[in-house]
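I opened this entry to keep a record of what I looked up, going from the whole chain down to single residues.

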Amino acid sequence: MLGVVPARLPSCGFLVGEQVNVAVCRWEGPLRPRFGACVGTSPAGSTVQGAGESRRRRTGGGNMNLLPKSSKEFGSVDYWEKFFQQRGKKAFEWYGTYLDLCGVLHKYIKPRERVLVIGCGNSELSEQLYDVGYQDIVNVDISEVVIKQMKERNASQRPQMSFLKMDMMHMEFPDASFQVVLDKGTLDAVLTDEEEETLQQVDRMLAEVGRVLQVGGRYLCISLAQAHILKKAVGHFSREGWMVRVHQVASSQDQVLDAEPQFSLPVFAFIMTKFRPVPGSALQIFELCAQEQGRPVRLESAEQLAEAVRERQQYAWLRGQLRCKAGLGSVSLDLCDGDTGEPRYTLHVVDSPTVKPSWDSHFAIFIIPQGRETEWLFGMEEGRKHLAASAGFRRLITVALHRGQQYEDMDSIQAELSSRVMELAPAGMPTQQQVPFLSVGGDIGVRTVRHRDCSSISGDYVIEDVQGDDKRYFRRLVFLSNRNVVQSEARLLQDVSHRAQKKRKKDRRKQRPADVPEDLPVAIDKSYLCCEHHKAMVAGLALLRNPELLLETPLALLLVGLGGGSLPLFVHDHFPKSCIDAVEIDPSMLEVATQWFGFSQSERMKVHIADGLDYVSSLAGGEEARPHYDVIMFDVDSKDPTLGMSCPPPAFVDQPFLQKVKSILTPEGVFILNLVCRDLGLKDSVLAGLKAVFPLLYVRRIEGEVNEILFCQLHPEQKLATPELLETAQALERTLQKPGRGWDDTYVLSDMLKTVKMV
């Protein structure tokens, strides 16, 4: 454990703790297509397959003439004869030394067992095994030169160990002669491609391995486990009815921060255990052991095993990239619970190249309090960059805690995370460097899941209460398909901190059902709008004529997208003459709004369960006198994350549909749209389409968010310059602030319109 570092960021309110072991990881980020920036070239993109690439790395220096002209020469007798003649007697260790491999070797080989080492080369591995008690070892290699060298080297010191020149594809041993066959890189050297001739050679090799092994014996193969090698080995032995286990090898370099990685891929051990054939049995056993002393995890298929190995290779590659260089772009990964596989922490790696190197500015970890991961400072890339720069470290890793997981306190989180986050330390950090853990106020935050359910339209969702930075509590609706976005939020009137603390203590040992409320529902503060885009949308009412008279003027509103109901409820309560039609496609959301967010219908506010497209179309095309609304608001999200526009769905801004919206808007009315679009080309197209239907168009960007609020009107002569716009907003606000109206003094309407721009 590294020592405690004194607090160094008092202005930010950070708490510093001591350095801090997580079970099993699932790795996200630049190597997986569903994540942000792509960094460099992945292991799968290597141009040299099998052992070729790693062996090139290890020969180095003045031995470049030892490299083959092509990877196929690794299967050539002539190449290996020349190789060992030129290299001489100096030992050549592929895929690690005895110290790197002894943990896995001692786990799967017993001292009294008879061991066959195939493709032994001049490695010291057999000698070191012999010296610690494994003395019944037979070594074979195709090179006469190396067998002669090894016999001379061991004749006197290790008389019971034998070295034989033999082709492993045609071995001369009787059936069932050995209990272990040990292969250190030989399969990788032979399986250099997937051509028919190569695959036939490998089939002969593996068949010979199976023939000379006893039932219950093990083929222990040290390999880089590249995809074509893993596929061949696992496929061959699983079809034979053997148990297949892949064990990741922990290298000694993993414990050294400034060690240079030997390979671009981690090293694995295949442990293939020979079972007695059972006629008619289709049983296949696949296991992964990710830690040296960890227990194996049973997997359902060879495909799952291959995916698990690939993830570990990607993580090793990412670690190597982060160790070697800074500024890789957006890098994130999940750390998952070792038993359930569920995400437990999400890490974001943020480098600040402008920070001057110093003894104590290399690296820090920032624990985001529960429930605050969606805030701009923690949830957006630009916010995290700002946080890292303020903290003053060359590399900052932010850690978000997942809902549905139990966390005891800051100390337990640090203890759980320490080894994994240290693997992501930057290059040049001293080995004994103290690493601070930072947080806000020293607490891990409070998150209480009140309700979980699944909607046939919106999918899985949760209702949760979280503590904000001002110690006030907020209720949130979150769709788990987009867990980093808060769909609806409301402030709670009742202080639940005491009960929440009691519940957290109780939950340390026992998980209570997530959808069981602690006690009676907490009152919602209906006067408070949590969402900045909702505040801006309400401020848009200042675009109507005579805003100071709006409280006494009948006002017809159509709102598409109910969510938790905070927006229509606010308008209903603050504009007593308003009549609101709210349209929501998902009936589950009406239940959520009513049960959890204090929403209720009235004579002046009705909810229509319908598709907003159909509802507007039916109004616009009705034979009876079509209704006209003073205000139309769209606050509806898209369920398709691939479109580049998550709010609204594209059909809501199609020209024909916008014409229908126009037809039900009063001449002096305002159409207000919440737009969330990351595709700049698509956004320009949306704005042009809106401008064609609504000649007067204002845009208000929500600071720190992707949201933009669009205010659309029909007549350009209604245009208001910024000073006039602010004046009307102030007039409306003065009316709303009259005594007895419960107005939130922190909500300044004119501030919402200061940055409005005309399109």
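**The chain as a whole**

I began with burial, and of the 759 residues of the chain, 56% count as buried. I note here that the model is a predicted one. I then looked up the accessible surface of the chain, which comes to about 33,300 Å², with 51% of that belonging to carbon and sulfur atoms. For the secondary structure I found 21 helices and 28 strands in the chain.

I turned next to helix 8, which runs over residues 227-239 and has 13 residues. From its first C-alpha to its last, helix 8 reaches 18 Å, close to the 18 Å expected at 1.5 Å a residue.

Ala225 lies in the loop between strand 6 (213-223) and helix 8, and it has a positive phi of about 55° although it is not a glycine. Ala225 counts as buried because its relative accessibility is 1%, where the cut-off for buried is under 20%. Just after helix 8, I noted that Gly241 takes a positive phi of about 85°.

I then looked up His533, which is found in helix 14 (residues 532-539). With a relative accessible area of 10%, His533 is buried. Which residues does His533 touch, if those up to four places away in sequence are not counted? I listed Asp635, Asn674, Ile702, Asn707 and Ile709 as the residues that His533 touches.

In the loop between helix 14 and strand 20 (555-560) I came to Asn546, which has a positive phi of about 50° although it is not a glycine.

**A cis peptide bond**

My last entry concerns the peptide bond from Cys647 to Pro648, which is cis, with omega near -10°. I placed Pro648 in the loop between strand 24 (645-647) and helix 18 (655-663).

Conventions
Residues are numbered from 1 along each chain as its sequence is written. This is a predicted model: local features need pLDDT of at least 70, side-chain atom pairs count only at pLDDT 80 or more; totals for chains, interfaces and linings use all residues. Side-chain values use heavy atoms; hydrogens and water are left out. Helices (H or I, at least four residues) and strands (E, at least two) are DSSP runs, numbered from the N terminus. Buried means under 20% relative accessible area, exposed over 50%, partly exposed in between (1.4 Å probe, protein chains only). Contact means heavy atoms within 4.5 Å. The expected span of a helix is 1.5 Å times one less than its number of residues. Accessible areas come from the Shrake-Rupley method with a 1.4 Å probe; for residues, only the protein chains shown count as cover.
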